[in-house]
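Please go through the following structure from its side-chain contacts to its overall fold.

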Amino acid sequence: MEYSCVQLADLLDEILMIIFKQLYNIEVFYSLIGVSKRFNKILHDPSFTSVLRLVEYSVDDHVCSLHYRMFHRFCLQILPQIHHTRKISLKRFNK
């Protein structure tokens with residue numbers, strides 16, 4: 001049996017978008033923005049950035065805030081890159 005090695009960059013844009021939409025988009029931005037022009041183009045797609053979740057939910061439904069480094073980078077580097085292409089509103093949710 002022969003094994004093949006498929007890397008993330010080998011997948012079609014449509015497949016990457018499906019995968020990325022299953023993850024927390026803030027974490028995807030944090031991990032992949034600036035990696036390549038192709039990833040930047042996918043990440044700037046309005047359907048991917050229409051809702052930005054700044055909190056995560058644990059398995060037992062507790063709200064967990066983003067790690068400070070991730071939130072800091074998002075505010076200083078990522079948000080300025082995406083804000084000019086769409087209207088962004090930040091909402092606070094209470095339980």
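A polar contact is a pair of N or O atoms within 3.5 Å; within protein, one atom must be able to donate a hydrogen and the other to accept it, and residues adjacent in sequence count only if both atoms are side-chain atoms. By this criterion the side chain of Asp 45 makes a polar contact with the side chain of Ser 47, at 2.4 Å. The model is a predicted one: local features need pLDDT of at least 70, side-chain atom pairs count only at pLDDT 80 or more, and totals for chains, interfaces and linings use all residues. Residues are numbered from 1 along each chain as its sequence is written, and side-chain values use heavy atoms, with hydrogens and water left out.

Asp 45 sits in the loop between H3 and H4. Helices (H or I, at least four residues) and strands (E, at least two) are DSSP runs, numbered from the N terminus. Asp 45 has a relative accessibility of 28% and therefore counts as partly exposed; buried means under 20% relative accessible area, exposed over 50%, and partly exposed in between (1.4 Å probe, protein chains only). The C-alpha atom of Asp 45 is separated by 9.1 Å from that of Met 17, and the two residues are 28 residues apart along the chain.

The chain as a whole has five helices and two strands, in the order α-α-α-α-β-β-α along the sequence. Of its 95 residues, 24% are buried. Contact means heavy atoms within 4.5 Å. Among the contacts with a separation of 6 or more, 58% are between residues 24 or more positions apart. The chain exposes about 7,500 Å², of which carbon and sulfur atoms supply 58%; accessible areas come from the Shrake-Rupley method with a 1.4 Å probe, and for residues only the protein chains shown count as cover.

Which residues of helix H2 are buried? In this helix, residues 25-32, they are Asn 25, Ile 26, Val 28, Phe 29 and Leu 32. Seen down the axis of H2, these buried residues fall within an arc of 160° (taken from the directions from the helix axis to the C-beta atoms), so they line one face of the helix. An α-helix has 3.6 residues a turn, so residues three or four places apart point the same way. The buried residues of H2 pack against helix H1 (13-21), helix H3 (37-43), helix H4 (46-49) and helix H5 (68-82). Asn 25 has 6% relative accessibility and so counts as buried. Leaving aside residues up to four places away in sequence, Asn 25 touches Phe 48, Val 51, Leu 52 and Arg 53. Just after H2, Gly 34 takes a positive phi of about 85°.

The structure holds one salt bridge, defined as a side-chain nitrogen of Lys or Arg within 4 Å of a carboxyl oxygen of Asp or Glu. Arg 38 forms it with Asp 13, and the closest N and O atoms are 2.7 Å apart. Arg 38 lies in helix H3 and Asp 13 in helix H1, so the pair ties together parts that are 25 residues apart in sequence. Arg 38 is partly exposed at a relative accessible area of 29%, and Asp 13 is partly exposed at 31%.

The surface also carries a nonpolar patch formed by Leu 8, Leu 12, Ile 15, Ile 18, Ile 19 and Leu 23, with about 520 Å² of accessible area together. Patches are made of residues with over 30% relative accessible area and no salt bridge; like charges are joined within 9 Å, and nonpolar side chains (Val, Leu, Ile, Met, Phe, Trp, Tyr) within 5 Å. Ile 15 is in helix H1 and counts as partly exposed at 37% relative accessibility.
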